[in-house]
Amino acid sequence: MDLRRIPFFDYRPMYEQHREEIKAAIDRVLNSGQLILGPEVQAFEEEFAAYVGVSGAVGVNSGTDALTLALRALEIGTGDDVITVANVGVPTVAAIRAAGATPRFVDIRSDTLLMDPSALEDVAGERTRCILPVHLYGQPVDMDSVLTFASKRCLPVVEDCAQAHGARVHGKHVGSLGTIGCFSFYPTKNLGAFGDGGMCVTDDPALAKRIRSQRMYGFAADGHAHVEGLNTRLDEIQASILRVHLRHLDATIEKRQALAQRYLSGLNRLLYRHPDGSPNAVHAYHLFVVEASDRPRVCSALESEDIGYGIHYPEAVHEMEAYRFLGYQRGDLPASELSAARVVSLPLHPGLHMDAVDRVVEVLNRLAR
Ligand SMILES: *Cc1c(COP(=O)(O)O)cnc(C)c1O
C-alpha cells in the first residue's frame, strides 16, 4: 500500500473498525428468512426517528427517492413550482422532476454557499407550492428565515438532509425543522450503507403513512393500491448495517469536526476561503470545502501529490444541458455560478488521519509562496 496516497474517500477503515458487528448483523438477516421490509427496517426507522427527534421515519431506496416521495405525499406535482438552489448537483432537481413539478432556483449567499432566504420573496410566485432548502456540505441553511417565509405563505418545507446527518440548528436535528426531512445513505454520506438507501422523516403521521404506502406500489395494509405508488424500498441487509453505523454516528461526526478544525487552523485562509457558518448551527462536515480563485492550479498540485479531491459541483444545475428547458441563462444565479468555478472538496472521512490533513495543508499552503 502506498502510504503517500491520500484517497478522497474510503469506507474500508470504518468497516475494519466495526467488522464483527457488521458481519453479525448481515448474518442475522440472512438467517432470518426475510430480506425485504422486515424487523431490521422497522427497528432502524424507529432508531433513526429517535436520533433525529421526530415521530415517524420511512426507509426508502435512495435520497433522491426520499425527496420524490416527500413531494408526492404533499401532493405536489404537475403545474407546481418547488423553490430550491442550483449549486447542489442533480439529484435534488431530478427528484422534483420525478414528482412532476418544476424547479425554480433561488441564488445562494456567497458567504455561506447556502440558500439565500432573503431572495425567496423575489422567486416565489403563484405556482410556488414548496420550499426545498439543501443543507449542503453538512452545513445547515438559515432555517429561521426559511421557516418564517414559508409560514407567511403557508408553504410546506422539505429539507434535503442528504449531506447533513447530525447537523443541528438551535440544538434540533436537521430534518426535524421542516415538514418532511429527506436523508440519503449512499456510502459516502455521514451515515452510509454498503449500497443504496434513503429515509423520509416527519412529525406528521398522515404524511408518514402516505410515504409508507407510496414506497411500495401504493399498497395499504389491506394489500390494495388506494393511491399510485412506486417501488422504492430499503432492504433488510442495508438496514442492519445502517443500525450499526448509526450507533457510531455521533463519534464519526466528532471525528469529521476535528479534522475540519485541523484544516481550518492550518490552511492559509486568504488563499482558501471556507464558507461561513449559519447562526446557531452545528456543522456536520460531510465535506470540507474551500473556494480557490485558481482552482485548476490547486487541483493539479493535489494530483501530483496523489491527494484525492472532489468538486461539489462543477456546474450549477441551471446551466446543465438536461435542464436548459427550464429557461435559465448564465448570469441568472451569479453566486451559484461563481461558486461552481471555485469550490474544491478536500479529503475528509472518519478513517482519515490527522497527519494526512497536515500533508494536504502543507501542499496547499506551498502554493502561496
Ligand atoms: C446524495 C445527495 C442526494 C441524493 O441521494 P441518493 O441516495 O444518491 O439518491 C440528494 N441531495 C443531495 C444534496 C445529495 O448530496
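Helices (H or I, at least four residues) and strands (E, at least two) are DSSP runs, numbered from the N terminus. By that rule, Tyr137 lies in the loop between strand E4 (128-131) and helix H6 (143-152). The model is predicted: local features need pLDDT of at least 70, side-chain atom pairs count only at pLDDT 80 or more, and totals for chains, interfaces and linings use all residues. Residues are numbered from 1 along each chain as its sequence is written, and side-chain values use heavy atoms, with hydrogens and water left out.

**The ligand and its shell**

- Of the 13 residues around the ligand, Thr64, Asp160, Gln163, Ser184 and Lys189 come nearest.
- A polar contact is a pair of N or O atoms within 3.5 Å; within protein, one must be able to donate a hydrogen and the other to accept it, and residues adjacent in sequence count only if both atoms are side-chain atoms.
- Thr64 places a polar side-chain atom 2.5 Å from a ligand oxygen. The side chain of Gln163 has an N or O atom 2.8 Å from a ligand oxygen.
- On its own, the ligand has 380 Å² of accessible area, and the protein covers 90% of that. Such areas come from the Shrake-Rupley method with a 1.4 Å probe; for residues, only the protein chains shown count as cover.
- Helix H3 (63-73) and helix H4 (91-98) are the elements that give two or more residues to the shell.
- The shell holds four nonpolar, seven polar and two charged residues. Here Ala, Val, Leu, Ile, Met, Phe, Trp, Tyr, Cys and Pro count as nonpolar, Asp, Glu, Lys and Arg as charged, and the others, Gly among them, as polar.

- Buried means under 20% relative accessible area, exposed over 50%, and partly exposed in between (1.4 Å probe, protein chains only).
- Eight of the eleven residues of H3 are buried, so the rest of the structure largely encloses H3. Among them are Gly63, Ala66, Leu67 and Thr68.
- Ser62 caps the N-terminal end of H3, with a side-chain oxygen 3.4 Å from the backbone nitrogen of Thr64. Just after H3, Glu75 has a positive phi of about 60 degrees.
- In H6, the buried residues are Met143, Val146, Phe149 and Ala150. They sit on the same side of H6, because they cover an arc of only 130 degrees around the axis. The arc is that of the directions from the helix axis to the C-beta atoms.
- Thr148, Ser151 and Lys152 are exposed on the other side of H6.

- Most residues other than glycine have a negative phi, and most peptide bonds are trans.
- Leu37 is not a glycine, yet has a positive phi of about 45 degrees. Leu37 lies in the loop between helix H1 (12-32) and helix H2 (39-52). Its relative accessibility is 26%, so Leu37 counts as partly exposed.
- Tyr137 also has a positive phi, near 70 degrees. With a relative accessible area of 4%, Tyr137 is buried.
- His312 and Tyr313 are joined by a cis peptide bond, with omega about 15 degrees. Tyr313 is in the loop between helix H10 (295-304) and helix H11 (334-342).

**Cysteines**

- A disulfide is a pair of cysteine sulfur atoms within 2.5 Å. The whole structure has zero disulfides.
- For Cys161, the nearest cysteine sulfur is that of Cys182, 7.1 Å away.
- Cys161 is buried because its relative accessibility is 0%. Cys299 counts as buried at 8%.

Technical notes. Near = heavy atom within 4 Å.
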